[in-house]
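Please read it alongside the sequence and the coordinates.

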Amino acid sequence: MTLASQRSRSAPSIPGTVWLLGFVSMLMDISSEMVQTLLPLYLVTGLGASAAMVGLIEGLSVAVATVTKFFSGAFSDITRNRKHLATLGYGLAALAKPLIPLADSLVMVAGAKFLDRVGKGIRGAPRDALIADVTPPEIRGASFGLRKSLDTVGGFVGPLVAIGLMLATGGSFTTVFWIAVVPAFLAVFLLAVAVREPKASEGKRKPAPGFKDIALLAPAVWLVIAVSSVLTLARFSEAFLLLRAGEVGFSLAWIPITMVVMHLVYGLAAYPVGILSDRVGRRGLLAVSLVFLVAADLLLATTESVGFFLVAIVLWGLHMGFSQGILATLVADTAPANLRGSAFGLFNLTTGAAVVVANLAAGLLWDGYGAAATFVMGAIFSAAALLALPLLPRSNRNIQHP
């Protein structure tokens, strides 16, 4: 028997629920990226917003999502029904999509983003906890990596569709926004019809927790959350990548190619990196991700070349592929089964708060000192985040849960 066949027989396959949730994420991300890749430009060129205002809207949207994620995650532990909360979250996000093309002011756009982010906040923690519930520990990195990869297929397809529609319609933002409604509602339909809550998940073997039990999370969980927040300070919204694309010479219709390249690299990296993390551990791969981010920020701060800009976007995508699935996996590694939703909620709350701070700082630096200052700040925080990585668990194996 060959080594490859031994591995294939010993390693369990990724559950169907993970695949379905990945396809749901993919459809919603197609919709979201069709909107998000054009929205910063629409705000600036169509509604007269400043870069600081873009940062504020992005930051407040993240804040709304992260606060919602905390309560949604804890509530999914208490009710022991993750699917219904995830369906509600995806449904609200779908309902928000038609409001964008109907908006004629910054306030209306902010309101639509608010509803969309509330939906994102409700769905995130229950969905990730459900993945952890149905996945054997030995393939947890692969499962979260697969979900991230399928999600980023949407991030690849969505901007491509946006580019094609912008070229076909002569730059009609509203046409793109209306068509983005379709995949959003398909995502909700697939989740509601095809995904099933496990009948006897690991988390149901223990008594349902209350909010007071969140304080009982193991120190390893709190360390993962703290280090993840420091790392997140180093990476602000991709809206600033889109604004930078306009500065280096992309025409309006082709600016979304930035997200196509980034998500293509992200998606290609996330699944194999997840598999690798199951075999060699998580911490070293996170360090590699930060090296990629430092290099990307320095290039974005200094280049005026389209070619070097695209190299920076590839590096940014590699950072995402080497970090996002692993961070979620670390939460699943360290959290007890009956508190996974709460742990993911806390994780999203603290990292979301870090994103708010990073977005506001990035927007203010951009308006006050230019794009270079924004990306130099990102490089400095990325380098600083490397110092926090030794606090993470050295191995993902044999972690003890209370």
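Which residue forms a salt bridge with aspartate 333, and how far apart are the closest N and O atoms? The partner is arginine 140, with the closest N and O atoms 3.4 Å apart, where a salt bridge means a side-chain nitrogen of Lys or Arg within 4 Å of a carboxyl oxygen of Asp or Glu. Because aspartate 333 lies in helix H15 and arginine 140 in helix H8 (residues 140-169), the pair ties together parts that are 193 residues apart in sequence; helices here are DSSP runs of H or I with at least four residues, numbered from the N terminus. Salt bridges with shared partners join Arg140, Asp278, Arg282 and Asp333 into one network.

The model is predicted, so that local features need pLDDT of at least 70 and side-chain atom pairs count only at pLDDT 80 or more, while totals for chains, interfaces and linings use all residues. Residues are numbered from 1 along each chain as its sequence is written, and side-chain values use heavy atoms, leaving out hydrogens and water.

A search of the whole structure finds ten salt bridges, including these:

| Pair | Closest N and O atoms |
|---|---|
| Aspartate 116 and lysine 97 | 2.8 Å |
| Aspartate 116 and arginine 117 | 2.3 Å |
| Aspartate 333 and arginine 140 | 3.4 Å |

Aspartate 116 and lysine 97 are both buried, that is, under 20% relative accessible area with a 1.4 Å probe and protein chains only, whereas exposed means over 50% and partly exposed lies in between.

In helix H14, the buried residues include Leu286, Leu290, Leu293 and Asp297.

Conventions. Helices (H or I, at least four residues) and strands (E, at least two) are DSSP runs, numbered from the N terminus.
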